[in-house]
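Here is a short briefing for someone meeting this structure for the first time. It takes up one chain and then its contact with a partner.

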Amino acid sequence: MSGLTLFQKLWDAHVVHVEADGTTLLYIDRHLVHEVTSPQAFEGLKLAHRTPRRVDAAIAVPDHNVPTTDRSQGIADPISRLQVETLDANCAEFGITEFKMDDIRQGIVHVIGPEEGLTLPGMTVVCGDSHTSTHGAFGALAFGIGTSEVEHVLATQCLWQKPSKTMLVKVGGQLGRGVTAKDIALAIIGEIGTAGGTGYAIEFGGLAIRALSMEGRMTLCNMAIEAGARAGMVAVDQTTIDYVKGRPYSPKGAAWDQAVAWWNTLHSDADARFDRVVELDAAKIEPQVTWGTSPEMVTTIGGRVPDPANAPSEVKRQDWTRALEYMGLQAGTPIAEIPVDKVFIGSCTNSRIEDLREAAAVAKGRKVASNVKLAMVVPGSGLVKQQAEAEGLDKIFIEAGFEWREPGCSMCLAMNADRLEPGERCASTSNRNFEGRQGQGGRTHLLSPAMAAAAACAGHFADVRQE
Amino acid sequence: MRKFTLLDGLVVPLDRANVDTDAIIPKQFLKSIKRAGFGPNLFDEWRYLDHGEPGMDPATRKPNPEFVLNFPRYKGASVLLARDNFGCGSSREHAPWALEDYGFRAIIAPSYADIFYNNCFKNGILPIVLDAATVERLFRECEVSKGYRLKVNLDKQTVTTPGGEVLAFEVDGGRKHRMLNGLDDIGLTLLQGEKIMAYEERRRVEAPWLFA
Ligand code: SF4
């Protein structure tokens, strides 16, 4: 018999009950809740006269709707305000811990989970948000769910699931200078496509992944959903354990030792079999920039906007043509010649301290180009913001001409006041370049924080390796 | 949830791959704290020429005559014919809510994004997978014949074309059973209460740090 994959180990540890056809009732250890996908779930509970099974397993935070400018006046938009107030009221009614808007611990749900030690190795983690895959960086089984399932987890602490197929994405070798986890993520999506991971749980392995910090691993697992995989994960190693140690919700004392003993087993066995294996060489990955309206429409900073005539299929040819039209781009244009109007450094993909350090290193002593209307940095949480300020990163950004904002999702999806105007082009460290994602008619190019800072200072996309 | 047994519905073809949840229901409408009322804003940015915001009266909006849902011949459609990777992107259940509220009961596509696929079943929408060549053929048939309808039988797992062709599809047994009977998921899970309790007791010993 072959060994077990990390996915199988995590799965087996959470099985409550299995039906004859393999449908499994899976136990959920951590439930992260935010304001957008929870109101209807709480309403459903109340209508059925049900109560949450384990309030200690849930934690809530408002992030999508919160303003990133001065918050002392509250939220101006009455509909956004009502949604956040509804979360406050539901958490108060049921006794769920919430990091409210004025709490220093408030931030993007996928940033605060790991930061607080609420996300731990070996856990099953769910949230009514597709980027829950982020938490898989800790050797956890983490995936996004819809609102009906949010209600289901609140009521039962369980979910009905069928095991996914497993995929190993092995990134060997060493990353070049200026190349980051975001570039690995985009290169993988470019390779397997946005539906390449559908039906799979992806484990990222190989030397280049082992060398990544936890921040880098979170960026990578965050983007697993953009490859179609509900879950991404990385095996536990010393980097994981060092990150988790001493966090507010991490185990302490004897429980810590007991936990670490188990966590150290959370890796795929050497002889484990995967349903699919994809291999990449880190040394060959160059800084990536997307050119279209799907994360798989990606090329390198040295590349050009592709010609739909060269698309691999008729369906893709139509997709590319539409994308170029929406993006206002001509086939053959060198990526490095495309000017940008706005720059957004933030989102659950790239708003952690390391991301901000990488961007600041590029922006230091330089100025945002005059054609750039707005360059903004939105830290992922109040604590990231505090840390960045302690390191003086805020000053570097402000002196260069960036705006330094309060934490939240912000222009990643433009549910608050931060958005693109029609036709505006944005260099963005977020995860989705869909039509209208950052504002109706807005044009999004995804890239790494360092590359975003380079674009801000150059006024167009630029190779961070030449800085 | 709503029961699904038989459907005989008008088909509308949406000829785009990778239709994402931001396109199905744009973010400004996610601010609602209700489950209903998303239908008028389904595909909002494609369906209207003006910019939509919550609370606008649909009657005052400017429909985009070039968007397929606005073609008079597709008025009242309840089957959505779509392309690969339909529903990719976010986990927002507002996407199936909007489709359901508009009147869709079934979707036919070669593939779906996982979370969206799952969310459909929770809302009485049947996401049917047919192979790409068959879907391509249905697109062509639908475009050339006005009033093109398909019959869906969930129990038999078949789609029948106006020409009498019967196409079989796969669906997970558990999901089918719940949908045919309109069962409440949470109620079913609570029947496993003893097993959940036993699991928790075991984990409290094995992994006490998971319990506050
Ligand atoms: S930052 Fe963007 S992708 Fe992440 S949770 Fe917020 S809206 Fe979603």
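In this predicted model, buried residues account for 58% of the 212 residues that make up chain B.

**Fold and extent of chain B**
- Chain B contains eight helices together with seven strands, and its C-alpha atoms fill a box of roughly 65 × 45 × 25 Å when this is taken along the principal axes.

**Surface and charge of chain B**
- The accessible surface of chain B amounts to about 8,700 Å², and carbon and sulfur atoms hold 54% of that surface.

**Contact between chain A and chain B**
- On the side of chain A the contact takes 75 residues, while chain B contributes 59 residues to it.
- The area buried between chain A and chain B is about 5,400 Å², with 52% of it given by carbon and sulfur atoms.

**Salt bridges between the chains**
- Seven salt bridges are counted between chain A and chain B.
- A salt bridge joins Asp184(B) to Arg50(A), and the closest N and O atoms of this pair are 3.0 Å apart.

Note on methods:
Residues numbered from 1 in each chain as written. Chains lettered and ligands numbered in written order. Predicted model: local features only at pLDDT ≥ 70, side-chain atom pairs only at ≥ 80, totals over all residues. Heavy atoms only, no water. Helix = DSSP H or I, 4+ residues; strand = E, 2+ residues; numbered from the N terminus. Buried < 20%, exposed > 50% of the residue type's maximum accessible area, 1.4 Å probe, protein only. Areas by Shrake-Rupley, 256 points an atom, 1.4 Å probe, with all protein chains shown as cover. Contact = heavy atoms within 4.5 Å. Buried area = accessible area lost by both parts, 1.4 Å probe. Salt bridge = Lys/Arg side-chain N within 4 Å of Asp/Glu carboxyl O.
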